[in-house]
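Let's walk through this one from the whole chain down to a single side chain. Have a look at the fold before reading on.

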Amino acid sequence: MNTSVANSDMTHLAKDADWWRGAVIYQIYPRSFQDDNGDGIGDLRGITRRLPYVASLGVDAVWISPFFTSPMKDFGYDVSDYRDVDPMFGTLADFDALVQTAHGLGLKVMIDLVLSHSSDQHPWFVESRADRDNARANWYVWADAKPDGSPPSNWLSIFGGSAWTWDARRCQYYLHNFLVSQPDLNFHEPAVQEALLDVARFWLDRGVDGFRLDTINFYSHDALLRDNPPLPPEARNATIAPAVNPYNHQEHLYDKNRPETLGFLRKLRSAIAPYNGALLGEVGDAQRGLEILGEYTAGDDLAHMCYAFELLSGDRPDAARVAEVMNHVARVAADGWACWAYSNHDVKRHATRWSLPPEGQRLLATLLMCLRGSACIYQGEELGLTEADVAFDDLQDPYGIEFWPEFKGRDGCRTPMVWEASNLNGGFTTAARPWLPVASEHLGRAVETAEADDDALLHHYRHAIALRRAHPALAKGTMEDMRVDGSVLRFHRRIDDQDLLCLFNLGNTPQTVTLPAGAWSIVDAVPEMTLTTTKTITLDGWQSLVMKPEGGE
């Protein structure tokens with residue numbers, strides 16, 4: 001393993017400690033972004049080659065999904081070496097070059113840290129499972145069987161079945177909240193926490209600007225291994241797991257969401273502070289996601305920001321739903337900071353999930369840039385990519401294979417990025433067969449095609465991001481006076497002397513609304529419109545409008 005660190009003058013980026021607040025982050029799924037070596041799988045050199053395109057969007061940072069050494073049972077979210085790059089993606093030198101290139105373009109680099117669990121092929125687990133007396137015997141969650149031989153508790157894996165698997169070497173069960181091959185690390189063991197903090201420092205020393213923390217609320221488990229209570233059918237939802245998954249039948253009080261997690265987050269925040277880095281936590285909980293977001297980002301010594309799944313799942317949000325979510329966050333996370341996204345590598349692409357027309361995609365992009373919080377964009381959403389229909393024989397995702405056909409898994413949102421329409425594989429690879437097929441319907445939305453089309457969604461994303469960057473109130477201001485008028489959502493974003501009135505018609509029929517008292521002028525309108533009165537205004541279907549007081553900033 002190569003552990004050499006590149007010259008710090010070349011890799012570190014001077015940045016304000018508050019850079020993450022209101023930042024726009026572009027998520028890259030390495031397997032599917034750009035293949036540089038022609039093996040059909042995306043890699044780090046491919047990402048580096050395409051970074052000028054990412055920078056052209058106007059985003060602040062990239063979040064790169066896992067590229068660590070891994071047997072790839074869960075495509076990198078099963079780590080067997082936290083300090084090296086899987087040969088599939090390249091080398092540590094390739095990563096250093098990526099960071100240097102990104103920083104040269106003004107982009108921060110955030111990487112995915114998968115700390116709640118490792119691969120069963122990680123040397124730590126190999127040693128831990130060997131017997132009950134070795135130095136790492138307590139590094140994973142081991143427990144004796146009940147007297148009848150059944151698992152220690154009723155906890156379920158989110159990927160199906162029991163969260164406990166019997167190991168004949170130790171004659172004990174081990175915990176895995178995900179795949180059997182992803183054993184959970186034991187955060188009750190101080191040595192585990194120190195080892196994971198050292199992992200974070202390793203990447204910070206290489207110039208990384210922050211971490212996306214996978215499954216942050218799964219870090220700790222109940223030390224007494226108490227059973228989760230049943231969740232009544234009327235309280236269940238499919239926010240983080242499909243409805244066909246019995247994981248939704250429990251109230252997850254004891255297998256995750258434990259208060260002990262806060263202690264580790266304080267240590268991690270302390271470790272990242274000297275680097276002016278940022279922590280973005282993923283909160284996966286169907287009942288208390290926003291409350292946990294508030295708990296984990298409160299004050300100035302925990303995660304900087306978190307995201308839950310309220311806008312990543314479910315039916316298309318109307319004005320009332322968006323207002324409900326924002327008001328909920330204001331109540332339970334007033335002292336915290338959210339990060340909003342519509343799509344990522346774990347959910348159906350929102351263009352499909354919400355059956356959005358092109359004008360709806362434009363409005364929601366502008367809305368994302370006007371919400372209080374930071375924002376994540378998932379590769380390809382700026383092109384309007386839809387969910388790909390991947391045939392069962394082409395499926396790679398074990399989650400989809402397990403619950404097919406009622407749930408087809410996550411491969412449909414992970415198909416390769418399309419760069420050019422003239423190539424069978426969209427310019428993603430020169431290989432005859434990429435790891436997942438390129439969706440034929442995506443080819444017409446390729447980057448080169450969009451660049452040449454002034455009306456393409458890509459240009460609107462650039463416009464919306466530029467709007468956010470031009471107005472501090474949108475990036476870091478308060479969100480106040482939220483109202484719902486029919487299908488119109490309206491609110492003010494304010495900071496210092498800047499006051500912006502934001503209006504969004506989340507329906508397809510015109511709506512007339514009354515403006516606040518005083519004279520208002522248009523800052524941004526999509527589609528463009530002319531103001532004929534300062535008392536009322538009519539918004540067309542899927543129209544967005546940002547206004548300011550006459551004479552205001």
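Of the 553 residues in the protein chain, 61% are buried, meaning under 20% relative accessible area with a 1.4 Å probe and protein chains only (over 50% is exposed, in between is partly exposed). Keep in mind that this is a predicted model, where local features need pLDDT of at least 70 and side-chain atom pairs pLDDT 80 or more, while totals for chains, interfaces and linings use all residues. Numbering runs from 1 along each chain as its sequence is written, and side-chain values use heavy atoms, without hydrogens or water.

Along its principal axes, the C-alpha trace spans about 80 × 50 × 50 Å. As for contacts (heavy atoms within 4.5 Å), 70% of those with a separation of 6 or more join residues 24 or more positions apart.

Now zoom in on Q34, which sits in the loop between β1 (24–28) and α2 (44–56); helices (H or I, at least four residues) and strands (E, at least two) are DSSP runs numbered from the N terminus. Q34 counts as buried because its relative accessibility is 1%. Beyond its neighbours within four places in sequence, its contacts include G42, D43 and R49, along with W419, G427 and T429. The Q34 side chain also reaches the backbone oxygen of F428, at 2.8 Å.

Note on methods
A polar contact is a pair of N or O atoms within 3.5 Å; within protein, one must be able to donate a hydrogen and the other to accept it, and residues adjacent in sequence count only if both atoms are side-chain atoms.
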